[in-house]
Amino acid sequence: MNVFNKTAILIALAACAAGAQAASTNVYGVADIGYNHTKLGGLSVHSLDSSGKSDSFIGFKAVENMGNGVNAFVTLEAGYNLDTGATADNLFNREASIGVNSGAHTLKAGRLQSLNYAAVKEFDVFGGGNLGVARLSQHTAEYNSNAVGYSLGHGNFTFGAQHVF
C-alpha cells in the first residue's frame, strides 16, 4: 500500500469519526422490490425481484460546519438487492466521497457520480431509475472511482468538472 492510499484511508477515517459527532448526520435510501408473475405456455413462475423501478440503496451523509460558511462532508452509499441481501463486490459501490463546500463552490474526492449520468437523470422522467433513459444509455457511466470533482452553482445552473485518475 503506497503513502497516498494510507493518507486517503486516514483522511476518510477521520471524516467518519467527525461525521459521527457532526451537527448534521442523515441516513437515507430506497428499498425497492417487486413481485413478478410470468406465464409462458403451461409454465408459471413467481418471483420477488429487487430494484424494479430504481436501485435499492442505503446512504449516510454527515456535514460539519467548519465556520465562515465552510462545511466539510462525507457521503457513503451502498447498493444492495433487497430480495437476497447481496451487495456488489465493493461495499460502498455507489458514492463514497469526502469533500468541502463554501457557498456555491463544492470540491470532493473519492467514488463520485459521473457528470454525464447526473446531467441525464435530471431530465429523465424516471429520475435515473431502472426504467429511465439515463440507465438505458450504454455510454453513460453512473459512478467514477478515484475521482476529484468541482462544482459551482450559479442561479438555476450548476457547472462541474471531474478528473478520474
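Reply: Happy to. A salt bridge here is a side-chain nitrogen of Lys or Arg within 4 Å of a carboxyl oxygen of Asp or Glu. This is a predicted model, in which local features need pLDDT of at least 70 and side-chain atom pairs count only at pLDDT 80 or more, while totals for chains, interfaces and linings use all residues. Residues are numbered from 1 along each chain as its sequence is written, and side-chain values use heavy atoms, with hydrogens and water left out.

By that rule there are two salt bridges. One of them joins the side chains of K108 and E95, at 3.2 Å from N to O. K108 sits in strand β7, whereas E95 belongs to the loop between β5 and β6; the pair links distant parts of the chain, 13 residues apart. Helices (H or I, at least four residues) and strands (E, at least two) are DSSP runs, numbered from the N terminus. As for burial, buried means under 20% relative accessible area and exposed over 50%, with partly exposed in between (1.4 Å probe, protein chains only). E95 has a relative accessible area of 9%, so it is buried. K108, at 26%, counts as partly exposed.

The side chains of E77 and R94 also meet in a salt bridge, again given as 3.2 Å from N to O. E77 lies in strand β5 and R94 in the loop between β5 and β6, so this pair ties together parts that are 17 residues apart in sequence. E77 counts as buried because its relative accessibility is 10%, and R94 is buried too, at 14%.

Leaving aside neighbours within four places in sequence, R94 is in contact (heavy atoms within 4.5 Å) with D55, F57, E77, A78, G79, R111 and Y143.

D55 leads us to another residue, V30. V30 and D55 are 25 residues apart in sequence, yet their C-alpha atoms are 7.1 Å apart in space. V30 lies in strand β1, residues 24-30, and counts as partly exposed because its relative accessibility is 29%. Not counting residues up to four places away in sequence, V30 touches S54, D55, S56, F57 and Y80.

Strands pair when DSSP finds at least two bridges between them, and β6 pairs with β7 (residues 105-113) in the antiparallel sense over seven bridges. Within this pairing, S97 has G110 in β7 as its bridge partner. The two strands form a hairpin with two residues between them, and G103 in the turn has a positive phi of about 60 degrees. β7 is also joined to β8 by eight bridges, with the strands running antiparallel; there, L107 has Y150 in β8 as its bridge partner.

β8 covers residues 143-154, with V148 among them. V148 is partly exposed, because its relative accessibility is 31%. N146 is also in strand β8 and has a phi near 55 degrees, a positive value in a residue other than glycine. Most residues other than glycine have a negative phi. N146 is exposed, since its relative accessibility is 54%. N68 likewise has a positive phi, of about 55 degrees, although it is not a glycine. N68 is placed in the loop between β4 (57-67) and β5, and at 81% relative accessibility it counts as exposed.

There is another hairpin elsewhere. Strands β2 (residues 33-40) and β3 (residues 43-50) pair in the antiparallel sense over eight bridges, with K39 facing S44 of β3 as its bridge partner. Two residues lie between β2 and β3, and G41 in that turn has a positive phi of about 65 degrees.

Finally, the wider setting. The chain has three helices and nine strands, in the order α-β-β-β-β-β-β-β-α-α-β-β along the sequence. Of its 165 residues, 24% are buried. Among contacts between residues at least 6 apart in sequence, 49% join residues at least 24 apart.
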